[in-house]
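Let's take a walk through a protein together, one step at a time. Please keep the picture in view as you read.

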Amino acid sequence: MLSALVGIPVILLAAWYGNEFLLLLTAVAYGIAIREMMVILKGLGINSNRWIIQAGGLILLTSAYLYKDDGLAHTLIFVVMGNLFMMAFLYPRTTPLDTFGNITTTLYLGNFIFFYLLRDLPGGWSWILFLLAATWASDTFAYFVGRSFGKHKLAPLLSPKKTIEGALGGVAGAVLVGFIFTLVVPGMSTVVILLLGALIGVASLLGDLVESAFKRQAKVKDSGQIIPGHGGVLDRFDSLLVTAPLVYYVVKLFII
């Protein structure tokens, strides 16, 4: 709770000011997450190159800052091909498996940029609040509903403590936030926002399971210890790495 009391205001302030402030916070989160992923990759037997991953992250962040999402497709192709060319130049120090680790990590953590891009959309501040509140509500409801009523395992081999009841509770929590959002922000379609809330609940769960798969295979309990009581950046923001691009594209394509 103390970590949340310190961390949440920092995130909200950066989101409120946007621009370089939010970009800086995004870059810091990206950089810390790279360090955590390097530990996971090592546990997977993959010797990825941290400098190449950092360069890829810098390219994605710079593209988002200069061109928003207009240059995203070109940037992704450049990052992937650049990694493949580096493999050819650095082989055998960098193997194809190491390169796949570089690409996967760069693109996976690259979803951090959608938090920055979402702020730039019309009404971006409200959408960031909705993203954060719905994602965190999903995690919180899933935890408490699962502990109180969970009986049926959702993914026993991957995450033994997760239950179907908890997953449904998580979806309900995100939908509840969506309903509150329609009451507070005028002009929002209730049906569309409730559906988006349900999608956030599902995406939040999937984001958690994705990181669980990485950690379980690598035999890592927590991605890091930088946030007391929460673990690492990936432990706290794994769901947002999936819900952020979801909310961004739903808002951009179907709402604004």
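Are lysine 215 and glutamate 211 buried or exposed? Both of them are buried, where buried means under 20% relative accessible area, exposed means over 50% and partly exposed lies in between (1.4 Å probe, protein chains only). Before going further, note that this is a predicted model, in which local features need pLDDT of at least 70 and side-chain atom pairs count only at pLDDT 80 or more, while totals for chains, interfaces and linings use all residues. Residues are numbered from 1 along each chain as its sequence is written, and side-chain values use heavy atoms, with hydrogens and water left out.

Back to our two residues. The side chains of lysine 215 and glutamate 211 meet in a salt bridge (3.8 Å, N to O), a term for a side-chain nitrogen of Lys or Arg within 4 Å of a carboxyl oxygen of Asp or Glu. Side chains of opposite charge can pair when their charged atoms come close. Lysine 215 and glutamate 211 sit four residues apart, about one turn of the helix, in helix α9 (residues 190-218). Helices here are DSSP runs (H or I, at least four residues), numbered from the N terminus. Asp235 joins in too: Glu211, Lys215 and Asp235 are linked in a network of salt bridges.

How many salt bridges does a search of the whole structure find? It finds six. One of them pairs lysine 252 with aspartate 69, with the closest N and O atoms 2.6 Å apart. This pair links distant parts of the chain, 183 residues apart: lysine 252 is in helix α11 (residues 240-255), and aspartate 69 is in the loop between α3 and α4 (72-90). Lysine 252 counts as partly exposed because its relative accessibility is 31%, whereas aspartate 69 is buried because its relative accessible area is 14%. Another salt bridge joins aspartate 139 and arginine 236, whose closest N and O atoms are 3.4 Å apart. Aspartate 139 lies in helix α7 and arginine 236 in helix α10 (residues 233-237), so this pair ties together parts that are 97 residues apart in sequence. Arginine 236 has 23% relative accessibility, so it counts as partly exposed.

Now for the rings. The structure holds eleven aromatic pairs. Rings of Phe, Tyr and Trp (its six-membered ring) pair if their centres lie within 6.5 Å; planes under 30 degrees apart count as stacked, over 60 as edge-to-face and the rest as tilted. Tyrosine 30 and phenylalanine 112 form a tilted pair, at 6.4 Å centre to centre and 45° between the planes. Their positions are 82 residues apart, with tyrosine 30 in helix α2 (residues 19-43) and phenylalanine 112 in the loop between α5 (96-109) and α6 (113-119). Tyrosine 30 and phenylalanine 112 are both buried. For phenylalanine 130 and phenylalanine 181, the ring centres are 4.8 Å apart and the planes are at 25°, so this pair is stacked. Phenylalanine 130 lies in helix α7 (residues 124-149) and phenylalanine 181 in helix α8, so the pair ties together parts that are 51 residues apart in sequence.

Phenylalanine 130 leads us inside. Both phenylalanine 130 and phenylalanine 181 are buried. Leaving aside neighbours within four places in sequence, phenylalanine 130 is in contact (heavy atoms within 4.5 Å) with several residues, including Val177, Phe181 and Ile200. In soluble globular proteins, nonpolar side chains tend to be buried together. The largest nonpolar core has 57 residues, and phenylalanine 130 is among the members that touch the most others, as are Phe112 and Trp127; such a core is a set of buried Ala, Val, Leu, Ile, Met, Phe, Trp, Tyr and Cys residues joined through side-chain atoms within 4.5 Å. Helix α2 gives this core its largest share, ten residues.

Finally, let's step outside. Phe141, Leu176, Phe179, Ile180, Leu183 and Val184 form a nonpolar patch on the surface, with about 570 Å² of accessible area together. Helix α8 (residues 164-184) gives the most to this patch, with five residues. Patches take residues with over 30% relative accessible area and no salt bridge, joining like charges within 9 Å and nonpolar side chains (Val, Leu, Ile, Met, Phe, Trp, Tyr) within 5 Å; accessible areas come from the Shrake-Rupley method with a 1.4 Å probe, and for residues only the protein chains shown count as cover. Valine 184 is exposed because its relative accessible area is 63%.

How values were computed. Helix = DSSP H or I, 4+ residues; strand = E, 2+ residues; numbered from the N terminus.
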